[in-house]
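Student: I would like to learn how to read a few features of a protein model. Where do we begin?

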Amino acid sequence: MQGGEGDWRPLGAVAPGALVAARAELHWAAQAVEQVGKALAPPVDDYRHIALRWNDASGDLVTEAIADGSRFGLRLARAKLVVIDRDGADADTLALVGRTLEEAAAWVRERAAARVDEEPGWAPLRREGLPAVPVGGGAPFGASTAAHTELASWYGNAAGVIERVASRAGDRGPALCWPHHFDLAVRIDFDPDGDPEEARSVGLGMSPGDERTP
């Protein structure tokens, strides 16, 4: 599921400042997808079970595979939620336009529950530390625009660069998107067997901005 295998995507069709609104809404949408990892993935100490990975083939930020091999994702360029089958085909999609965050989250929960044997234990959606935009207060998502396509290019390019650099340092792990910050990053451990408090490491990543930095 590593990304970045495709060609470099041209950037600049949309000015960086014009990406802010789309980025903020997608940041909120990622919280609907994150709940799959929280409920269905085995927890690990560094919380990477809730992180998303870039799927370069489809332009999605996706979860780890759940029990039936499917993944849930956020398709940036189309502002859609997706369910991807084991074979990589779309099993279901939901356009976010006109939907609220609660409706998006309910859609994810319903489709995830249908793919497992027992009803998952759903955690409340994350709401703290996210951009202060109308979607967070219950307003519907807007339509997909050129800004969404530009953001998908930013994530795809960043995943490719991050993973190539990390690979040269001996780290084969994918770049991870952390839904609480919506950044894309990898940590390169130089002392993987050392004391976690003293081991050397470096983080490499891309931040699309936050409430302080467009």
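Tutor: With surface patches. A nonpolar patch is made of residues with over 30% relative accessible area and no salt bridge, their nonpolar side chains being joined within 5 Å. Keep in mind that this is a predicted model.

Student: Which residues form a nonpolar patch on the surface here?

Tutor: Trp8, Leu11, Trp154, Val161 and Val165 form it, and together they have about 450 Å² of accessible area. One of them, Trp154, is found in helix H3. Trp154 counts as partly exposed, because its relative accessibility is 35%.

Student: How is a pair of aromatic rings described?

Tutor: By the distance of the centres and the angle of the planes. A search of the whole structure finds one aromatic pair. The ring centres of Tyr155 and Phe182 are 5.3 Å apart and the planes are at 50 degrees, so this pair is tilted. Planes under 30 degrees apart would count as stacked, and over 60 as edge-to-face.

Student: Which parts does the pair tie together?

Tutor: Tyr155 lies in helix H3 and Phe182 in the loop between strands E6 and E7, so the pair ties together parts that are 27 residues apart in sequence.

Student: Is Tyr155 buried or exposed?

Tutor: Tyr155 is buried, because its relative accessibility is 1%. Phe182 is buried too, with a relative accessible area of 1%.

Student: What should I know about phi?

Tutor: Most residues other than glycine have a negative phi. Phe182 is not a glycine, yet it has a positive phi of about 65 degrees. Tyr47 also has a positive phi of about 65 degrees. Tyr47 lies in the loop between helix H1 and strand E1, and at 53% relative accessibility it counts as exposed.

Methods:
Residues are numbered from 1 along each chain as its sequence is written. This is a predicted model: local features need pLDDT of at least 70, side-chain atom pairs count only at pLDDT 80 or more; totals for chains, interfaces and linings use all residues. Side-chain values use heavy atoms; hydrogens and water are left out. Rings of Phe, Tyr and Trp (its six-membered ring) pair if their centres lie within 6.5 Å; planes under 30 degrees apart count as stacked, over 60 as edge-to-face and the rest as tilted. Helices (H or I, at least four residues) and strands (E, at least two) are DSSP runs, numbered from the N terminus. Buried means under 20% relative accessible area, exposed over 50%, partly exposed in between (1.4 Å probe, protein chains only). Patches are made of residues with over 30% relative accessible area and no salt bridge: like charges are joined within 9 Å, nonpolar side chains (Val, Leu, Ile, Met, Phe, Trp, Tyr) within 5 Å. Accessible areas come from the Shrake-Rupley method with a 1.4 Å probe; for residues, only the protein chains shown count as cover. A salt bridge is a side-chain nitrogen of Lys or Arg within 4 Å of a carboxyl oxygen of Asp or Glu.
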